[in-house]
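Please look over the sequence and the structure shown below before reading on.

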Amino acid sequence: MADERGQPEIGPIVSSAHLADGALPVLSELEFGLILAGNAFDRWMVRCMTAAGEPGCAAIDVLVLHSVAHRQRPKRLGDLCSVLGVEDTHLVIYALKKLEKRGLVKSARAGKEKLITATVKGFEACLKYRAVREALLVESMKGLGLDAGAISAVAATLRALSGHYDQAARAAASL
């Protein structure tokens, strides 16, 4: 096929042409974008945390630390897993152990429940991360002139899509 200038059409950018041959080819294009964005975001979190003075953290560690520090309230393991959309609690447990060993979080018992909170060091690491993020990412993003409402709409769409993928995953597990 050729475009209006006679140039050959390349088609959508996908990672798996065999998936793009289905009933909704644009979904493969979206999925490839999610793959690239997810991997870039993971790299960003790890390198930003390193720049903030905490080298050696994995992306899940950074996510867990920020979630624990959120609103400076104690969190339960189940709540952390739920908010982060992590099905395998062992991943979060391992991240919490690593963060506790670094002195970034601490746990305490409240009856039968174990509650996790950010330490002063952990909250300071989050604030340093925020400073690096503001300097390196937010400033460059602001330069793009993106509409805040449009960014919020994309975020809402991604959250809605996550529900569809979760439902499809549950259905696939029952096959």
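## The core, the pockets, a helix and a loop

Of the 26 residues that make up the largest nonpolar core, Leu65, Leu96 and Tyr129 are those that touch the most other members. At least two residues of this core come from each of H2, H3, H4, helix H5 (89-101) and H6, and H3 gives the most, with six residues. The model is a predicted one, and the values below are computed from it.

**The largest pocket**

- The largest pocket has a volume of about 2000 Å³, and the elements that each give two or more residues to its lining are helix H2 (25-51), helix H3 (59-69), helix H4 (77-84), helix H6 (120-142) and H7.
- The lining of this pocket consists of 39 residues, and those that lie nearest the centre of the pocket are Leu34, Ala37, Gly38, Phe41 and Leu158.
- Among the contributing elements, H2 gives the most to the lining of the largest pocket, with 12 residues.
- When the lining residues of the largest pocket are sorted by type, they divide into 25 nonpolar, six polar and eight charged.

**The second largest pocket**

- The second largest pocket holds about 170 Å³ of space, and the residues that line it are His66, Ala69, His70, Phe123, Cys126, Leu127, Tyr129, Arg130 and Arg133.
- Both H3 and H6 supply at least two residues each to the lining of the second largest pocket, with H6 giving the most, at six residues.
- The lining of the second largest pocket divides by type into five nonpolar, two polar and two charged residues.

**Helix H7**

- The N-terminal end of H7 is capped by Asp147, which has a side-chain oxygen 3.2 Å from the backbone nitrogen of Gly149.
- Gln167 is found in helix H7, and this residue counts as partly exposed because its relative accessible area is 44%, a value between the cut-offs of 20% and 50%.
- The side chains of Gln167 and Arg170 are joined by a polar contact of 2.9 Å.
- An α-helix has 3.6 residues a turn, so residues three or four places apart point the same way.

**The loop between H3 and S1**

- Arg71 lies in the loop between H3 and strand S1 (75-76), and Gln72 also lies in the loop between H3 and S1.
- Most residues other than glycine have a negative phi.
- Arg71, however, has a phi near 60°, which is a positive value in a residue other than glycine, and Gln72 likewise has a positive value, with a phi near 50°.

Technical notes. Residues numbered from 1 in each chain as written. Predicted model: local features only at pLDDT ≥ 70, side-chain atom pairs only at ≥ 80, totals over all residues. Heavy atoms only, no water. Polar contact = N/O pair within 3.5 Å; in protein donor to acceptor, adjacent residues only side chain to side chain. Helix = DSSP H or I, 4+ residues; strand = E, 2+ residues; numbered from the N terminus. 1 Å grid on protein atoms, 1.4 Å probe; cavity = no way out; pocket = protein on both sides within 12 Å on 5 of 7 lines; lining within 4 Å. Points joined across faces, edges and corners; volume = space filled by probe spheres on them. Nonpolar A, V, L, I, M, F, W, Y, C, P; charged D, E, K, R; others polar. Core = buried A, V, L, I, M, F, W, Y, C linked by side-chain atoms within 4.5 Å. Buried < 20%, exposed > 50% of the residue type's maximum accessible area, 1.4 Å probe, protein only.
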